Amino acid sequence: MTDAAASPNAVARMLGLLGDEWTLLIVQRALLGSARYGDFAATLPVSHAVLTNRLQTMTAESLLDRRRYQSRPERFEYLLTERGRSLWPMLTSIWHWERRWVSRPSPPLPAMIHRRCGAPSSPQLVCRSCDAPTGSGDVVAQWGPSGSWARSIPAGTNRRRSSGRRTDTGSLFPETMSVIGDRWAFALLVARFVGFTRFGEFQTQLGAPPGTVADRLALFCNGGVLANVDGRYGLTDKGRAFFPVLVCALEWAQRWFPDPEGPAVVLTHRGCTRRFRPVLVCDHCGHRLHAAEIAPAE
């Protein structure tokens, strides 16, 4: 096996970096204007050790740029790089999915306001090539030159959650993290979007232990993402609604972690037969969304 064949591809790099709720929450707070250590510490119920570690990691991975704003004593601020800012479509899709589909005993996430039209807005996924609204059934996914299950699953811990907090502001994305915060769960959901439906297919394709596959399938069925009908696992409406999160994450990964061999996954839009590139538009006015034009409702 060559080094290239054994190396993690863009999907694995993305999961290894973003499969952590604190990282996503820090980016989300930075998009809303937080920049200094105290800003993040005041708005996220995270320990100083964890916050310091994540800021260091995100700086090393070029999601944040660490800049000194005071000399005596030294003080630094953490500003989003272009790589970090370009995560906003994924985060916007996560926000909408959690707000629409996840029940929680605490107050729901606020609506998003599209400043351009001034209305509450839900992001709608369209094809960049033809501007047609796009769902999971409208896109064909195939492995690209650097794609394979083995190269798409990162090594390391399976789950990195925010200490199990599911109802406070430290867990704004509880069910999202059960998917992208778990390497096998994410791979299994991708496999279902690709078209696999049976237990044996998941186990064979992913190469995961049978107990792991059974656990993740039960997790998705209990969460209403999949439904088991006569031994076939089908996507529910809630499961299909996760598709924008998945394709926005994939688009980000393949932009920032290109492989000399080519993309890990090739997406084709059935409607126009061209490569599918995700774009979010406002469901109220139809204009393309931009990060600076989206704000949580007061």
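Is Ser62 buried, partly exposed or exposed? Ser62 is partly exposed, because its relative accessible area is 36%. The model described here is predicted. Its average pLDDT is 89, and 92% of the residues score at least 70. The points below cover confidence, backbone geometry, aromatic rings, a sheet, and some single residues.

**Confidence**

- The stretch of residues 157-170 has a pLDDT below 50. In the model this stretch has 40 contacts beyond near neighbours in sequence.
- Where pLDDT is low, predicted coordinates should not be read in detail.

**Backbone geometry**

- Most residues other than glycine have a negative phi, and most peptide bonds are trans.
- Ser62 belongs to the loop between helix H5 (48-60) and strand E1.
- Thr273 is found in the loop that runs between strand E9 (265-269) and strand E10 (278-282). With a relative accessibility of 60%, Thr273 counts as exposed.
- Pro73 sits in the loop between strand E1 (64-70) and strand E2 (75-80).

**Aromatic pairs**

- Five aromatic pairs are found in a search of the whole structure. One of them joins Trp97 and Phe242, with ring centres 4.8 Å apart and planes at 75°, so this pair is edge-to-face. The cut-off behind that label is an angle over 60 degrees between the planes.
- Trp97 lies in helix H7 (residues 88-101), while Phe242 lies in the loop between helix H13 (237-240) and helix H14 (243-256). The pair therefore ties together parts that are 145 residues apart in sequence. Both Trp97 and Phe242 are buried.
- Trp252 and Phe257 form another pair, with ring centres 5.7 Å apart. Their planes stand at 80°, so this pair is edge-to-face. Trp252 counts as buried because its relative accessibility is 3%. Phe257, at 8% relative accessibility, counts as buried.

**Charges over rings**

- Arg66 lies over the face of Phe76, at 3.5 Å from the centre of the ring.
- The charged end of Arg100 sits over the ring of Trp101, and the distance to the ring centre is 4.1 Å.

- Strands of a sheet pair through backbone hydrogen bonds, either parallel or antiparallel. Here three strands make an open sheet in the order E4-E3-E11, and the pairing is antiparallel.
- Which strands stand at the edges? Strand E4 (119-121) and strand E11 (294-296) do, and each has a single partner strand, so one side of each is left without a neighbour in the sheet.
- Direction ignored, neighbouring strands of this sheet are turned by 45° against each other on average.
- Strand E3 (residues 112-114) and E11 run antiparallel and are joined by three bridges. Ile113 has Ala295 in E11 as its bridge partner.

- Thr176 lies in helix H9 (residues 174-180). The relative accessible area of Thr176 is 0%, so Thr176 is buried.
- Neighbours within four places in sequence aside, Thr176 is in contact with Ile94, Trp97, Glu98, Gly181 and Phe242. Trp97 and Phe242 among these are the partners of the edge-to-face pair with centres 4.8 Å apart.
- Leu55 is part of helix H5. At 1% relative accessibility, Leu55 counts as buried.
- Not counting residues up to four places away in sequence, Leu55 touches Ile26, Tyr37, Phe40, Leu64 and Tyr78.

**An exposed loop residue**

- Asp230 is placed in the loop between strand E7 (226-229) and strand E8 (232-235). The relative accessible area of Asp230 is 75%, and Asp230 is therefore exposed.
- A distance of 49 Å separates the C-alpha atoms of Asp230 and Ser34, which are 196 residues apart along the chain.

Key. Residues are numbered from 1 along each chain as its sequence is written. This is a predicted model: local features need pLDDT of at least 70, side-chain atom pairs count only at pLDDT 80 or more; totals for chains, interfaces and linings use all residues. Side-chain values use heavy atoms; hydrogens and water are left out. Helices (H or I, at least four residues) and strands (E, at least two) are DSSP runs, numbered from the N terminus. Buried means under 20% relative accessible area, exposed over 50%, partly exposed in between (1.4 Å probe, protein chains only). Rings of Phe, Tyr and Trp (its six-membered ring) pair if their centres lie within 6.5 Å; planes under 30 degrees apart count as stacked, over 60 as edge-to-face and the rest as tilted. A charge sits over a ring if NZ of Lys or CZ of Arg is within 6 Å of the ring centre and within 35 degrees of the ring normal. pLDDT is the predictor's confidence in each residue, from 0 to 100. Contact means heavy atoms within 4.5 Å. Two strands pair if DSSP finds at least two bridges between them. Axes are lines fitted to C-alpha atoms, for helices over the stretch in contact, and angles run from 0 to 180 degrees between N-to-C directions.
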